Amino acid sequence: MSQTSQADPADNRQAIVTFERVERRYDDVVAVGGVDCAVQAGSFLALVGASGSGKSTLLKMVNTLVTPSSGRVLFAGEDVTAMRQAQLRRRIGYVFQGIGLFPHFRVGENIAIGPRLAGETLSRARIAELLELVELDPAMADRMPDELSGGQRQRVGVARALAGDPELLLMDEPFGALDPITRDALGDKVRELHERLGLTTVMVTHDMAEALLIADRLLVMDSGRVVADEVPRALLAGEGGDIAQGLVSVPRQQAERLARLEARGNPA
Amino acid sequence: MSEIGEIILGLGDKFAAHVVLAASAIALGLVVALPLAVWASRSQTVSRITLGFASLVQTIPALALLALFFPILLSLRSVFGEDLPTLGFLPALLALSLYALLPILRNAVTAQANLDPGVLEAADSVGMTAAQKLRLVEAPLAAPFIMAGIRTASVWTIGAATLSTTIGQPGLGDPIFAGLQTQNWALVLAGCIASAGLAIIADALLGLIERGFAKRNRWMYGLGALAVALGVGSALAYQAGGEDEETIVIASKQFSEQYILARLIGDRLEEAGYDVSYRDGLGSAVVHNALASSNIDISIDYTGTIWTNQLGRTDNPGREAMYDTIREWEREENDIRVLGRLGFENAYAFAMREDRARELGVTSLTDLEPVAPQLTVGGDPEFFERPDWEAVREAYGLRFDEELNFSPTFMYNSLRSGAADVIGAYSSDGRIAADRLRILEDPLEALPSYDAMIMLAPSVADEEGVIRALEPLIGAIEVEDMREANFSVDREDEKKVSPAVAAERLNEEIGLSN
């Protein structure tokens, strides 16, 4: 890797994804404006920011669901726009808010679709293993997606993303549509899988608390630019500038108010 | 009721032809609509243009769309050669396919537009190519909606296919049109019941396939598809055993006289050993062109009709000169042989109810002039467009209060009911005598003559056997005989007979039966 990254030059050699002056414009609107950054293998990176800050657009330029207007995105050292699209995507797991299970496939068929496209047949044992990985009953393999709850469906979505042993897991607001309890449980599960399977994970979220608790590095985005690149502890210590601190202050104040409420022992 | 049942049972060949035509039209519509829908789902512009075109086609009345393909195909002969059929199956197929396009296309495009964007994003993100996405995701998810479109298209097509009778394609429209013209309501009902029944069966089977797709139940759509395939297959098999090349095709326009004369000619040809088939209820404008292109072999036409419609003449040189000119013109321009005149005229003649005429003191067109502004005149759909009408109006200075169009059958009823005071009747029509109508004299001879002629297409123009079989008919039919035959078919009491029976009686009457 000959290119340098402003964000983290020291770890450049292990970078699995590198953004080089990446821009994405829609007519006159700049969605992503000049991002330089490298994602090291094995890291759990969170892209945090308000709606419209460009975090999802940046993420989707990795698996070419969006292509850059200028600049380059490298995956394992190769320009993603120069790679065979289908092959690139089979190497990257993708989980997103819309889940997108194929309603006419059984759960097992949904999980096995990536390998099937690559010409492999996933064994029932492997499908059962993947279901167990996301804490679902292996017998669910024969169900249709509309028989599942929202949380169960997203678990299948995660299992589908992991089925092809991906080198990288991309998550775009993966828990956005789930209730808080399911959301919390699934967040922990993903972090655990990240450790256990030695994954590299990039997750987009607008929830700073979630990002602080799961990720080991946070990129804060605003108006298409990276305004902070910090580890969770540094953000909590007040680093990263006003915009990042504005986002951190929301869960912090909520926690403080809850604590005060608890201390007074009187909700009124 | 049993009469209708019997007629329906006898409609086997029409039914088979109807099924084959409708199924082919829907299949062709599908072959065109599905790729267009895929293309339209990827381009807004294509979507707008294709849906706009399909909607535009839909606004053209089916009858007009069918008729329009005749001149289109005729002009395409310069590209595809003289063997390109201009009547019958091909134009009917093309027009009905165009008609089937809209519901299939619209449902397919709507289905694609309404696919869950999350599912499409997932398809992309798991690494599907465009083709895999179409085959594995878009097509199966859109299938129930597309089936719903095919169902709508099928019901429309089966209904509209009855109109293909007018361009010479046999089907369940044949009994409907024949029945309407001869006031044989059992025949009309039988045709309607058969075509409605066919539409209901097709809708039910396609509905089964649609639900099978929606529920992803292989048995349901497999069974539905099998039943449809069996139906179309047996119709095809039935048809394959039908007509051959050597059959002589006799055309008739949409009125009783034509049906009777077609049977009279057909009977004589069968006696002479020919195989005969009939193309009944053709549009008047279509017949001459069909004859010139040998899509039909024999027709009966009238001098006045050919004079204005084909030669484009508006003058009136007199009866003999008109006939000679036409005979010559047909031979030189179209290789059509005018075998001769049957002996009677079927001219336009102005008719009034006897009591009404007496009341107004009208015996001739000259007398009509002062009272016309208070009167309503009725005519067949062609009548007011014809130069004859123009000529009469000019010659006698006629200005009527209102002009009403009727089908020939209802025109006479309109006179009886008082909806019209004067009608443009036909001189050979049996109802003139039966209804005791007064025919107004034409002292200025403004109305041209309409001698009935036997016309032979180039395909049989030199066929000795045909000429020998038909020559005895030349000059053999008096107008009184024709009127009687026409009336026996048009009358509405228990003495009403079919055109075939009327033809046999006419044959006896003119002394040609052995």
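This is a tour of a two-chain predicted model, stop by stop.

Local features are described at pLDDT of at least 70 and side-chain atom pairs at pLDDT 80 or more, while totals for chains, interfaces and linings use all residues. Residues are numbered from 1 along each chain as its sequence is written, and chains are lettered from A and ligands numbered from 1 in the order in which they are written.

**Stop 1: chain A**

Select chain A and colour by secondary structure. Chain A holds 10 helices and 10 strands; helices (H or I, at least four residues) and strands (E, at least two) are DSSP runs, numbered from the N terminus. Of its 268 residues, 41% are buried, a term that requires 20 or more other C-beta atoms within 10 Å of the residue's own, with 12 or fewer counting as exposed, values in between as partly exposed, and C-beta atoms placed from the backbone. Among contacts in chain A with a separation of 6 or more, 66% come from residues 24 or more positions apart. A contact here means C-beta atoms, placed from the backbone, within 7 Å.

**Stop 2: the sheet of chain A**

Next select strands S6, S7, S8, S3, S9 and S10 of chain A. In that order these 6 strands make an open sheet with mixed pairing; two strands pair if DSSP finds at least two bridges between them. Which strands stand at the edges? They are S6 (92-96) and S10 (225-230) of chain A, each with a single partner strand, so one side of each has no neighbour in the sheet. On average, neighbouring strands of this sheet are turned by 15° against each other, direction ignored.

Within the sheet, zoom to S3 (residues 44-49) and S8 (residues 201-205) of chain A, which run parallel and are joined by 5 bridges. Phe44(A) is placed opposite Thr201(A) in S8(A).

**Stop 3: where the chains touch**

Show both chains. Chain B and chain A contribute 16 residues each to the contact. On the chain B side, the elements giving two or more residues are helix H6 (117-125) and helix H7 (130-160). H6(B) gives the most, with 7 residues. The chain B side has 8 nonpolar, 5 polar and 3 charged residues; Ala, Val, Leu, Ile, Met, Phe, Trp, Tyr, Cys and Pro count as nonpolar, Asp, Glu, Lys and Arg as charged, and the others, Gly among them, as polar.

**Stop 4: chain B and a helix pair**

Chain B has 22 helices and 10 strands, and 48% of its 514 residues count as buried. Of the contacts in chain B between residues at least 6 apart in sequence, 79% join residues at least 24 apart.

Now select H1 (residues 2-9) and H9 (residues 185-214) of chain B. Their axes come within 9 Å and cross at roughly 60°. H1(B) and H9(B) are therefore oblique to each other. The crossing is right-handed. From H1(B), Glu3(B), Ile4(B), Ile7(B) and Ile8(B) meet residues of H9(B), including Leu187(B), Ala190(B) and Ile193(B). This contact divides into 9 nonpolar, no polar and 1 charged.

**Stop 5: Leu291(B)**

Finish at Leu291(B), in helix H12 (residues 284-292) of chain B. Is Leu291(B) buried or exposed? Leu291(B) has 25 C-beta neighbours inside 10 Å and so counts as buried. Beyond its neighbours within four places in sequence, Leu291(B) is in contact with Ile296(B), Ser299(B), Ile336(B), Met455(B) and Ala457(B). Leu291(B) and Ala457(B) are 166 residues apart in sequence, yet 5.0 Å apart C-alpha to C-alpha.

Technical notes: Two residues are in contact if their C-beta atoms, placed from the backbone, lie within 7 Å. Axes are lines fitted to C-alpha atoms, for helices over the stretch in contact, and angles run from 0 to 180 degrees between N-to-C directions. Angles under 35 degrees count as roughly parallel, over 145 as roughly antiparallel, 65 to 115 as roughly perpendicular and the rest as oblique. A crossing is left-handed if the near helix is turned anticlockwise from the far one by less than a right angle, and right-handed if clockwise.
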